[in-house]
Amino acid sequence: MSLFKKIFSKEKKETLDKGLEKSKSNFLSKMSKAVAGKSKVDEEVLDDLEDVLVSSDVGVATTIKIINRIEERVARDRYLGTDELNQILREEIAGLLSETNSGEASEIHVPENKKPYVIMVVGVNGVGKTTTIGKLAHQFKGAGKKVVLGAADTFRAAAIDQLQIWADRTGVPIVKQSMGSDPASVAFDSVQEGVKQNADVVLIDTAGRLHNKVNLMKELSKVKRVMQKVIPDAPHEVLLVLDGSTGQNAFEQAKQFTAATEVTSLAVTKLDGTAKGGVVIGISDQFQIPVKYIGVGEGVEDLQVFNKYEFVDSFFK
């Protein structure tokens, strides 16, 4: 189908294929068992497919949506062979991702009419939040953008130090204060510095504590409010970083953060080390938030702009 045209460079696509290898092998081996000995898609095949999708961390609600779509096609087309099932799944999942505007891009970019474009990055500790910020800084700079980093995760000294390492590595300025400083104050200084430097992008790290949702909500609200003293519509994007390898736990984190603040985009990391890649489909659908980036390896270029066609192609290859 022409829909699944090649969008990425050969090198990026190979990285994506490799990064999703575990998820793909797990899914396809379950799929082949589900359709073994069957020639057409019937109720039994659909029941088995439902089990395959749920056990691949797509999530129950999203799985039901996918099964319903396939049932409609079976009813419409009267006869669907099991050999067609793979292609139908690809089309229906890409269609589902389209509904959240996920995966439309193939290259990193920010809107030209917002300068600096302020991205507040949220997520629990350990999901790869600070590393994601560092990789984004590297890629934005590589795309010719001027970047400023803000170390507003003042709860952990390690977070400030780690962001400083990325600032040194990528050669971009960083705004920071000492551990225990007011995060909102750091965010304010960072946005101000972005304006002063005529930066294209300001990336602001925030604390990842989740033990008290009320406190988290207050802190993130204050950070946003203070930024708006410099740029009235900042932050322009709230990017939630989730660890894909945690599967259903990533759903729980998304639930907590979407309740605490208005999340506008997602980055799903660590997909290369897990068979739980289906979580990307489920989270995007359940929270109706577009997936913008996926992490499929350790390298700085292995944080990829999420493209639904390439993702689905790699997943079902």
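Here are a few friendly notes on the pockets and salt bridges of this predicted model.

1. Let's start with the largest pocket, which has a volume of about 270 Å³. Its lining counts 19 residues, and N101, A105, H109, V291 and K292 are the closest to the pocket centre. Strand 7 (residues 291–295) gives the largest share of this lining, three residues. By class, the lining holds nine nonpolar, six polar and four charged residues.

2. The second largest pocket comes to about 220 Å³. Among the residues that line this pocket are S9, E11, K12, T15, E301 and D302. Helix 1 (10–19) and strand 8 (303–305) each contribute at least two lining residues. Here the classes are five charged, four polar and three nonpolar.

3. On to charge pairing: the model has 24 salt bridges. One of them joins the side chains of K13 and D313, with 2.9 Å from N to O. K13 belongs to helix 1 and D313 to helix 12 (residues 308–315), so this pair ties together parts 300 residues apart in sequence. K13 is buried at 6% relative accessibility, and D313 is buried at 7%.

4. R69 and E99 also form a salt bridge, their closest N and O atoms being 2.3 Å apart. R69 sits in helix 4 (residues 60–77), while E99 is in the loop between helix 5 (85–98) and strand 1 (117–122). E99 is partly exposed, at 44% relative accessibility.

5. For a local pair, see K196 and E193, whose side chains meet at 4.0 Å, N to O. They are three residues apart in helix 8 (residues 183–196), about one helical turn. K196 is exposed, at 69% relative accessibility.

Terms used:
Residues are numbered from 1 along each chain as its sequence is written. This is a predicted model: local features need pLDDT of at least 70, side-chain atom pairs count only at pLDDT 80 or more; totals for chains, interfaces and linings use all residues. Side-chain values use heavy atoms; hydrogens and water are left out. On a 1 Å grid over the protein atoms alone, a cavity is a set of points where a 1.4 Å probe fits but cannot get out, and a pocket is an open set with protein on both sides within 12 Å along at least five of seven lines; lining residues have an atom within 4 Å of a point. Grid points are joined across faces, edges and corners, and a volume is the space filled by probe spheres set on the points. Helices (H or I, at least four residues) and strands (E, at least two) are DSSP runs, numbered from the N terminus. Ala, Val, Leu, Ile, Met, Phe, Trp, Tyr, Cys and Pro count as nonpolar, Asp, Glu, Lys and Arg as charged, and the others, Gly among them, as polar. Buried means under 20% relative accessible area, exposed over 50%, partly exposed in between (1.4 Å probe, protein chains only).
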